[in-house]
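Open the model in your viewer and keep the selection tool at hand. We will go from stop to stop, picking residues and looking at what surrounds them.

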Amino acid sequence: MSALPDPGATRAVLIGTSRYDHLEPLPAVSNNLTALAAALAKPSSWGLPPEHCVTLSNPTAAEMTMAAVRAAAEQARDTVLIYFAGHGLIDPEGDLYLAMPQSKQQRVETGLSYRWLRQALLNGRAERCVVILDCCYSGLALGSMGGPADLADQASVEGTFLLAAAAETRTALAPPGEPFTAFTGELLDTLQMGIPHGPELLEFGALYRHMRISLAAKGRPAPQARDRNTGAQLALGRNPAYLPASGSAPPAGKNQASERSWPNPSGIRTVEGFFKALSDVRVTSGLTHQMVSQRSGGRVSAGTVSRLLNRESLPKTWQTTAAYLSGCGLPDTQVAEWQAVWMRLLAETTIKAAARPTAPRPSQEYHPTLLERLAGRVSRRNGRS
């Protein structure tokens with residue numbers, strides 16, 4: 001089942017090298033990083049807060065880069081995404097390493113070995129891992145995910161997806177005069193324009209198939225992909241081109257609302273993710289705040305809907321959220337699933353608040369009154385006389 005990740009439990013690291021001392025510069029890479037970070041922050045995509053998406057432009061030290069990757073892999077509980085754009089090089093043993101500003105051909109110590117990045121993901125705790133490589137020979141990374149040393153098998157993750165700009169024997173493309181590299185530009189266009197006649201959510205599997213056809217039609221290198229378990233069902237955003245089936249009445253006994261691809265609350269791990277998914281319910285319903293209010297039978301006003309979706313802490317009672325979900329058209333059985341998630345999160349936040357150490361109360365100091373201070377001065381004068 002396709003799903004968007006919980007933004008509160010998801011991390012992304014975007015790495016790009018546009019300037020090189022010994023290789024051809026790739027100025028479009030800087031634009032890649034800026035645009036992709038903005039796309040991941042949109043509510044229609046992952047809705048990542050800035051602190052959950054680290055951008056490293058022209059990093060000069062592999063150690064610094066790997067520290068960011070390890071931190072993201074350790075902090076993420078839902079999904080971790082690692083993106084690299086720049087030159088991809090091959091070491092003497094035929095393995096891929098990612099070029100940094102001082103990198104040289106056949107000198108793996110001057111770049112970032114893909115094996116290091118892969119190992120950091122293996123040691124992380126995220127349930128799903130996504131690696132996107134926009135570089136020459138990025139298809140070599142596919143071999144690192146297969147066979148006995150399979151990434152998903154060793155990491156025991158729910159889903160893993162690797163999207164590479166080019167096969168192991170092909171070079172990626174940065175068309176002169178275009179703002180983005182060919183691969184990332186196609187990815188950004190798809191996120192913005194959507195896939196006509198495509199699914200409601202832009203799953204990585206659907207993204208890969210669409211991009212492969214589109215890039216091939218333009219005579220550009222075809223991307224490669226590898227997924228494990230449910231990795232291909234993870235979505236990068238909503239499909240702007242999605243159009244629900246119309247022109248015919250629903251079958252007898254069927255309710256159109258029950259046939260929608262409602263956000264699945266089972267993947268929610270954080271309060272932030274709860275409200276992101278709650279907002280996605282309204283987007284899926286296609287209703288305005290006022291229409292949700294009307295369909296709730298007046299149990300929630302349009303203003304209450306707005307305040308609910310902009311909260312930062314969980315409501316202490318369930319009635320308003322239940323009325324909102326019902327007003328959006330969510331079936332009663334799914335409303336009950338949402339309530340179970342709300343109860344779990346409320347219990348977790350209560351336990352965390354109780355365990356949080358309280359600051360010691362400041363000691364009560366005695367401060368003499370004005371009359372007492374004056375009396376003290378008079379006493380000292382009398383003592384000197």
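Start by selecting Leu 33, which counts as buried because its relative accessibility is 3%; buried means under 20% relative accessible area, exposed over 50%, and partly exposed in between, with a 1.4 Å probe and protein chains only. Before moving on, please note that this is a predicted model, in which local features need pLDDT of at least 70 and side-chain atom pairs count only at pLDDT 80 or more, while totals for chains, interfaces and linings use all residues. Residues are numbered from 1 along each chain as its sequence is written, and side-chain values use heavy atoms, with hydrogens and water left out.

**Around Leu 33**

Colour helix H1, residues 28–41, and you will find Leu 33 within it. Helices (H or I, at least four residues) and strands (E, at least two) are DSSP runs, numbered from the N terminus. Which residues is Leu 33 in contact with, leaving aside its neighbours within four places in sequence? Show Leu 14, Ile 15, Gly 16, Thr 55, Leu 56, Ser 57 and Tyr 83; contact here means heavy atoms within 4.5 Å.

**The nonpolar cores**

Next, select Leu 40, Trp 46, Leu 81, Ile 132, Phe 204 and Leu 236, the residues with the most contacts inside the largest nonpolar core, which has 42 residues. Such a core is a set of buried Ala, Val, Leu, Ile, Met, Phe, Trp, Tyr and Cys residues joined through side-chain atoms within 4.5 Å. Helix H7 (residues 204–217) contributes the most to this core, with six residues. Zoom in on Leu 40: beyond its neighbours within four places in sequence, its contacts include Ala 12, Trp 46, Cys 53 and Leu 236. For a second, separate core of 29 residues, pick Ala 68, Leu 98, Ala 120 and Leu 121, which are among its members.

**An aromatic cluster**

Now show Phe 274, Phe 275 and Trp 338, which ring pairs link into a cluster. Rings of Phe, Tyr and Trp (its six-membered ring) pair if their centres lie within 6.5 Å; planes under 30 degrees apart count as stacked, over 60 as edge-to-face and the rest as tilted. By this rule there are four aromatic pairs. One is formed by Phe 274 and Phe 275, with ring centres 5.5 Å apart and planes at 85 degrees, so it is edge-to-face. Phe 274 and Trp 338 are also edge-to-face, because their planes are at 70 degrees, with centres 5.6 Å apart. Phe 274 belongs to helix H8 (residues 271–285) and Trp 338 to helix H12 (residues 332–355), so this pair ties together parts 64 residues apart in sequence. Buried or exposed, what is Phe 274? Phe 274 is buried, at 0% relative accessibility; Phe 275 is buried at 6%, and Trp 338 is buried at 0%.

**Helix H11**

Move to helix H11, residues 319–328, where seven of the ten residues are buried. Tyr 324 and Leu 325 are among them. The buried residues of H11 pack against H8, helix H9 (289–295), helix H10 (302–309) and H12.

**Zooming out**

Finally, show the whole chain, with its 13 helices and eleven strands. Of its 385 residues, 48% count as buried.
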